[in-house]
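Notebook open, model on screen. I went through it piece by piece and wrote down what I looked up.

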Amino acid sequence: MERWLAIDLPNWQARNGAQRCSGIKGRAPFHDAWVMDAIARSAADRLHQDTVELASILAAGLGLSPRDQAEADLRCLVGGVAAAVEFSCTGLVDRHLAWQKVRTRALGGDVSRLEQLPQLLLQAAAGRLDPAQLGRLREVLAGAAVFVRFSPDSSDTANGPRLEADSAAGRLLAAALRGDRVMAQAVLDGGDSVVECLEHTIEPMLREVGRLWQEGLINPANEHLVSAFANEAIVRLATRMEAPAADAPLVVLVRSHGDEHSLGQSFVELYVQAEGLRTRRFVAPADLGVAIAMLTALQPRALLVSCTTIGQMGRVKELIQAVRCDRQLATIPVLLGGAVFAEVPQLVTQLGADGGGTSGRLTGQLLRQMLVPAAVLA
Ligand code: B12
């Protein structure tokens with residue numbers, strides 16, 4: 001998988017100390033871009049509010065019964081469409097539909113039905129959105145309709161190269177799927193440093209699990225088992241690391257409430273600690289006032305936000321905005337990352353962060369350069 005890290009440092013430095021929270025007041029009230037933004041936001045809000053209902057209309061339209069258990073995926077799709085409308089990024093829907101297409105084909109389903117999804121969603125939303133909002137939705141879905149018809153049939157692009165069975169990651173996966181802790185431990189004790197183990201063994205193993213699940217080769221129970229194994233492995237690896245100095249710069253890691261993907265954050269936390277920095281992490285509660293109070297109490301030198309699913313992007317954007325508007329927090333660098341940004345990296349800055357990406361290891365290295373004085377590094 002292509003990795004990248006683009007930090008908007010010049011902007012961050014320029015903004016440092018400057019008043020960042022000019023908000024809507026500073027803009028001309030009928031500025032075109034502002035009006036378009038407001039339409040997109042309200043359409044996205046409406047889709048989010050009605051997600052459950054829309055997902056069941058789509059399931060019925062596709063002829064799926066509750067037994068098919070497809071509604072969770074369809075809710076995810078509606079969340080993806082809402083985010084695509086809000087951030088003007090059709091790519092988010094493409095990504096989702098491409099994933100769904102591979103999975104449907106792997107499970108022996110009828111792929112041509114998926115091609116009806118954009119049209120079904122437009123019809124279902126027609127009575128709920130006003131004409132301007134509907135126009136935004138139509139634009140996004142028109143692109144998606146072309147994509148779902150012609151998108152590739154393979155999950156390789158999304159998940160990176162397949163694992164070699166005799167690689168450390170391949171052996172760890174085999175052990176995890178068999179529930180064999182002894183073998184898993186042997187693989188992890190194989191001599192690599194903590195950081196190497198994280199990057200070259202556990203991470204690729206988890207990506208492979210994502211692919212196997214998508215291709216219908218393992219079931220959700222297997223995925224949960226491997227996640228639990230990965231979690232245990234991370235906890236054990238952490239005990240091999242030296243504790244950062246008590247006065248080392250503090251980096252806080254958050255993800256928004258409702259996002260159960262904690263593993264990526266655990267990885268980033270260890271990569272950051274491996275660079276000698278202190279960390280604290282929490283799940284930002286729905287009440288942003290509380291989240292900001294927690295952050296101001298901790299006074300971090302940098303904030304790392306993780307986002308794994310498309311549906312979380314709206315919340316993440318609000319959280320970053322709230323940080324920018326707080327006098328004490330306004331100048332700290334905010335980095336945003338997670339697998340979801342691999343194919344649409346521009347969203348990192350669009351959601352308000354100074355930069356970010358998909359590499360936890362580079363994030364740790366970069367933070368060290370940013371936060372540890374040159375004299376100490378020398
Ligand atoms: C494990 C897993 C789960 C586990 C999570 C366990 C846990 N405790 O974390 C469980 C089973 C709970 C789960 C649930 C769901 N999952 Co899931 N899950 C995965 C899986 C297989 C692996 C994720 C992972 O841990 N990867 C390994 C870590 C190390 O990688 P990472 O998260 O990308 O993090 C790295 C970088 O992104 C980066 N990074 C992370 N944070 C940050 C922050 C900053 C600032 C920076 C710079 C970098 C950075 O550094 C990390 C290390 O290098 C992926 C498949 C995949 N291909 O990713 C799906 C996946 C993420 N899940 C997905 C979905 C849809 C779901 C569910 C909605 C499924 C459902 N239908 O119910 C639920 C959502 C639950 C919820 N409310 O959040 C989708 C997301 C689709 C999307 N883009 O929206 C994926 C991609 C699977 C797929 N192909 O569809 N999931």
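This is a predicted model: local features need pLDDT of at least 70, side-chain atom pairs count only at pLDDT 80 or more; totals for chains, interfaces and linings use all residues.

I started with α10 and looked for its buried residues: A168, A169, R171, L172, L173, A175 and A176. Buried here means 20 or more other C-beta atoms within 10 Å of the residue's own, exposed means 12 or fewer, and partly exposed is in between, with C-beta atoms placed from the backbone. Helices (H or I, at least four residues) and strands (E, at least two) are DSSP runs, numbered from the N terminus.

Residues are numbered from 1 along each chain as its sequence is written.

What do the buried residues of α10 pack against? I found α11 (181-188), α12 and α13. Contact means that the C-beta atoms of two residues, placed from the backbone, lie within 7 Å. Just after α10, I noted G179 with a positive phi of about 70°.

Next I took the α10 and α13 pair. Helix α10 (residues 168-178) packs on helix α13 (residues 220-238) at about 115°, and their axes are 9 Å apart. The axes are lines fitted to C-alpha atoms, for helices over the stretch in contact, and angles run from 0 to 180 degrees between N-to-C directions. On the α10 side I listed L173, A176 and L177, which meet N222, L225, V226 and F229 of α13. That contact has six nonpolar residues, one polar and no charged. For the classes, Ala, Val, Leu, Ile, Met, Phe, Trp, Tyr, Cys and Pro count as nonpolar, Asp, Glu, Lys and Arg as charged, and the others, Gly among them, as polar.

Then the ligand. Which residues come nearest to it? Of the 42 around it, they are G210, G264, G337, A339 and G360; I counted a residue as near if its C-beta atom, placed from the backbone, lies within 6 Å. I saw that α12 gives the most to this shell, six residues. Elements that each supply at least two include α4 (71-86), α14 (263-274), β4 (302-306) and α18 (360-371). The shell divides into 15 nonpolar, 21 polar and six charged residues.

On to the core. The largest nonpolar core has 97 residues, and V81, V85, L172 and V305 have the most contacts inside it. A core is a set of buried Ala, Val, Leu, Ile, Met, Phe, Trp, Tyr and Cys residues joined through C-beta atoms within 7 Å. I checked V81: leaving out residues up to four places away in sequence, V81 touches L47, V93, L121 and V140.

A353 sits in the loop between α17 (347-350) and β6. Is A353 buried or exposed? I put A353 down as buried, because there are 27 C-beta neighbours inside 10 Å. Its C-alpha atom is 5.5 Å from that of L335, 18 residues apart along the chain.

Most residues other than glycine have a negative phi. S88, not a glycine, has a positive phi of about 50°, and I found S88 in the loop between α4 and α5 (91-106). S88 counts as partly exposed because it has 14 C-beta neighbours inside 10 Å. Q299 also has a positive phi, near 50°, and lies in the loop between α15 (288-298) and β4. With 11 C-beta neighbours inside 10 Å, Q299 counts as exposed.
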